[in-house]
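Please keep the sequence and the three-dimensional view at hand while reading.

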There are 2 protein chains.
Amino acid sequence: MEPVFEFPLDLAKLSHESRVQRLHLQLRAAIVERRLPAGARLPSTRRVAQAYGVARNTVIAAYDLLMAEGFIVTRAGAAAEVVDLGMQANPSVRKRLPRLPAQPPAIDWRKAAPSTTHAHPTATRGFELGVPDHRWFPSDVWRRSLLHTTSFALAGAFGYPPAEGRPLLRAAIAQHVAYARAVVCDERNVIVTSGAQQAFDLLARVLVKRGQTKVAIENPGYPPLRAALLAAGAQLVPIPVDDEGLIVERLPTDTRIVCVTPSHQFPTGVALSLPRRRALLDFARRNAAVIVEDDYDGEFRYGTQPLDALQTLDRDAKVIYVGTFSKSLFPALRLGYVVAPTWLIAALTAAKQSADNGGNVALQEALARFILDGHLARYTRRMRKRYEARRDTLVRAIECELAAWLIAVPPGAGIHLYARFRDRRQAKRIVSLVDQHAIGAQPVSDFLVERERAAGTGIAFGFGCIDAEEIEASIAGLARALHRG
Amino acid sequence: MEPVFEFPLDLAKLSHESRVQRLHLQLRAAIVERRLPAGARLPSTRRVAQAYGVARNTVIAAYDLLMAEGFIVTRAGAAAEVVDLGMQANPSVRKRLPRLPAQPPAIDWRKAAPSTTHAHPTATRGFELGVPDHRWFPSDVWRRSLLHTTSFALAGAFGYPPAEGRPLLRAAIAQHVAYARAVVCDERNVIVTSGAQQAFDLLARVLVKRGQTKVAIENPGYPPLRAALLAAGAQLVPIPVDDEGLIVERLPTDTRIVCVTPSHQFPTGVALSLPRRRALLDFARRNAAVIVEDDYDGEFRYGTQPLDALQTLDRDAKVIYVGTFSKSLFPALRLGYVVAPTWLIAALTAAKQSADNGGNVALQEALARFILDGHLARYTRRMRKRYEARRDTLVRAIECELAAWLIAVPPGAGIHLYARFRDRRQAKRIVSLVDQHAIGAQPVSDFLVERERAAGTGIAFGFGCIDAEEIEASIAGLARALHRG
């Protein structure tokens, strides 16, 4: 019997249920990868059943699933048809876009056409920093979690949410940080935010007294954190970073807030050493300062004796821990959290209420279920192995190919690696060739407060969304270009 | 043949596809309403097929849909089983909640147990203000929209979103406001926010110069707006409201920002009259002020000649229009928007970036599809009729039963109604009986800036989530109590 699809379908030796699932997944993959293009008509269930030697109800059930998920549509008396998934290219959707008036009204702001800038291009490329790989993300499981929560049976599914977050998600996050980062806390100390960025913003609003509060930041460091602090009127005090992380002895004693990335300094990748951690906690105690610990990718720890979160060492309610699901899951989720001492909870809740009155209920509930059912832990564990292999590939490639120019500093955690210039006089040339051959990688000077420093001390390579082969090919290409002189 | 479910299933005279759908929906409703309780085992597909005289593949397909949606689970060799949907009551989920250490660490903040307060109770009750009815919300359509967007085929489904919102949603909102509110704008003038509250917050951050900017607000007015303005350091100037809305001539000439609810004043329900609208736009032009138009429930307009949005009259790029889906859809969605003049877009985008780096991609894309496919317009149209009937019931009930105490002011839009005291000396007594007999209704004094004024001028009754029978019964009960003495 002639196959009815132009790609292989393997349905032998399976139960009815498994066959439905297999057929469903294979057809869906074909649609997603456009082997079954938009508008394609699916053969009748009878024809598919005959062609692959399965019962017709198997095919019907698989088609029903595709229909429920919106991958195909059926119209009375016609064959099932593949829906267009890429909205950009869909003329039927385009048609429905707003028809602007033929005569624009005679006022300037409607005539002008500002081009809005996106700080983050949505396409991930090469060595881009801070972008995780989503190809192994269990989309089906996530979809099912989300389906649960959009059921009208969920209490509070429609009304105003609690500003501090759904109780179940706060409990799930408390469990997650205990498991993944040894941060032991009560769920009442968790505030759910719209990504780590909102955590920084709320903390800045609550803790910074405009024009008065000195806030120490790492230099180089994470620019969006600086933006949130400056918006709140903070006096920024940039503190340099060395092989042990933030140089604690450089902190002015009138610093009220110290922002650090102890697990994996951004962007140099070093971990804050244990003596420095102790010194920093001492500093906070002696000078009535608080510490904001940004643990953006600490879930991915490599090696045998990883350092726990700084918060774990805190005995004085001085450390405010900020986490995000942007690296452990994906950035488009826009969910993060603060684990804060009790004295801060009421103020943070009020700030969140004033800022946006709480977050979407379905997403929070779906994430809670995803965590409590163990999917986050499982996914993180799996991705850690992949990232570790990539880190090792990258370290090896730099050591083999670029030893004359760069010294790799293997990170103990996270999804980017820092490589120091062997000779700073070569920096400018290396940076310009990196721009061409290791797309996405950035000189750490991009993250310095003083922008005039041309090159800084090295290059940061993200390895979140790049395969081993591409790592090797890119580094080899960069090496050839450097050799060419 | 004996029925296998204890509730009626009606599957006669339908095509296979319709039967699958009917069976699927009826079983799902039974699960959601707990007629099929958690843990219940479903009869075999063969038995159901025999009992209801349908083909077995019909039953299989319906079960598959329930499984895909997470309502039932199947295990090898066992019957399909109903999943527990109410997380609260599910012991198997409870078990997985964080196990806190037996010995709490010896630091105070973990010992303390603050009770966090929720400004919005999630249970909707009686005459509560600003809470729409969600019982007719097309959850299935919404779920399908969400399913689409959680597919990995969607461009940008995982990466960082554009801070100002997904292009498709901005276009959909531009279409929606043009259709529903005659607000004609370019999609580039739309910024997507996390509810109207974030719109207020971003506008306050961008427009208010701390300690210097005078901002006029309606008095009585919406307290969370005041909170956002105060957080940004605004000097608030409360302006009284009469039968024509905000009394424009009371605005001090050095007012830089005027915040108004022209369609349906919150909480007195009056519409800003056309002369006042003209005067307000004049004021802004002459005094270099801007106007923030909060159109929180203007989608629900009653009567034949409704006033368009104030923004529609604006010819000077002075009006910033704020909308929300909290009333037209539901609050838990947490999606709103600003339609701003071009001169403001870059600053608002930067503020949004600093505040939370953009919103969840799947939700934005799902809402865009929901709007572009016409579901929002259809749902709004349907709900407008229901709300109008309730408004009429409430007006009639107040006029018939409470004429001695209250004068109803029928609103031309929105989901709450204001009733004025006939005799202010009775105010205290009426308010105390309202608290007992018309739960959720609030004296407008609750929304005054000067809290010392004991009673204000009347009572606001929400009719978003209350049925006609309950309206009549509650008002009758209130009347009996007032008559008693």
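Strand E12 (residues 416-421) of chain A is largely enclosed by the rest of the structure, because five of its six residues are buried. The model described here is a predicted one.

**Strand E12 of chain A and its partners**

- Strands of a sheet pair through backbone hydrogen bonds, and they may do so in a parallel or an antiparallel sense.
- Strand E11 (residues 406-409) of chain A runs antiparallel to E12(A), and four bridges join the two.
- Within this pairing, A:Val409 has A:Tyr418 of E12(A) as its bridge partner.
- E11(A) and E12(A) form a hairpin with six residues between the strands, where A:Gly414 takes a positive phi near 85 degrees.
- E12(A) also pairs with strand E14 (residues 458-462) of chain A, in the antiparallel sense and over five bridges.
- In E14(A), A:Ala460 is the bridge partner of A:Tyr418.
- A:Tyr418 therefore has a bridge partner in E14(A), namely A:Ala460, as well as being the partner of A:Val409, while the strand E12(A) counts as largely enclosed because five of its six residues are buried.

**An open sheet in chain B**

- Eight strands of chain B make up an open sheet with mixed pairing, in the order E3-E10-E9-E8-E7-E4-E5-E6.
- Strand E3 (190-193) and strand E6 (245-246) of chain B are the edge strands, each pairing on one side only.
- Strand E8 (residues 290-294) and strand E9 (residues 319-324) of chain B run parallel and are joined by four bridges.
- Opposite B:Asp294 stands B:Val322, which belongs to E9(B).

**Salt bridges**

- Side chains of opposite charge can pair when their charged atoms come close.
- Over all chains, a search of the whole structure finds 42 salt bridges.
- One of them joins A:Glu365 and A:Arg166, whose closest N and O atoms are 2.7 Å apart.
- This pair ties together parts that are 199 residues apart in sequence, because A:Glu365 lies in helix H13 (residues 361-372) of chain A and A:Arg166 in the loop between helix H6 (139-149) and helix H7 (167-181) of chain A.
- A:Glu365 and A:Arg166 are both buried.
- In chain B, B:Asp133 forms a salt bridge with B:Arg390, with the closest N and O atoms 2.6 Å apart.
- Distant parts of the chain are linked by this pair: B:Asp133 is in the loop between helix H5 (108-111) and helix H6 (139-149) of chain B, and B:Arg390, 257 residues apart from it, is in helix H14 (residues 375-401) of chain B.
- B:Asp133 and B:Arg390 are both buried.
- A salt bridge of 2.7 Å, N to O, brings together the side chains of B:Arg166 and B:Glu365.
- These two residues are 199 residues apart, with B:Arg166 in the loop between H6 and helix H7 (167-181) of chain B and B:Glu365 in helix H13 (residues 361-372) of chain B.
- Both B:Arg166 and B:Glu365 are buried.
- In chain A, salt bridges with shared partners join A:Asp133, A:Arg135, A:Arg390 and A:Asp467 into one network.

- A:Arg378, A:Arg381, A:Arg382 and A:Lys385 form a positive surface patch.
- Among them, A:Lys385 is placed in helix H14 (residues 375-401) of chain A.
- A:Lys385 counts as exposed because its relative accessibility is 62%, and exposed means over 50%.
- A negative surface patch is formed by A:Glu401, A:Glu469, A:Glu470 and A:Glu472.
- Helix H16 (residues 468-484) of chain A gives the largest share of the negative patch, three residues.
- A:Glu470 has its place in helix H16 of chain A, and with a relative accessible area of 37% it is partly exposed.

**Two single residues**

- A:Ile72, in strand E1 (residues 72-73) of chain A, is buried, with a relative accessible area of 2%.
- From A:Ile72 to A:Gly458 there are 386 residues in sequence and 50 Å in space, C-alpha to C-alpha.
- B:Leu230, found in helix H9 (residues 223-231) of chain B, counts as exposed at 51% relative accessibility.
- B:Leu230 and B:Ile291 lie 61 residues apart in sequence and 17 Å apart in space, C-alpha to C-alpha.

How values were computed:
Residues numbered from 1 in each chain as written. Chains lettered and ligands numbered in written order. Predicted model: local features only at pLDDT ≥ 70, side-chain atom pairs only at ≥ 80, totals over all residues. Heavy atoms only, no water. Patch = residues over 30% accessible without salt bridge, like charges linked within 9 Å, V, L, I, M, F, W, Y side chains within 5 Å. Areas by Shrake-Rupley, 256 points an atom, 1.4 Å probe, with all protein chains shown as cover. Salt bridge = Lys/Arg side-chain N within 4 Å of Asp/Glu carboxyl O. Lys, Arg positive; Asp, Glu negative; His and termini not counted. Charge placed at Lys NZ, Arg CZ, Asp CG, Glu CD. Buried < 20%, exposed > 50% of the residue type's maximum accessible area, 1.4 Å probe, protein only. Pairing = 2+ DSSP bridges.
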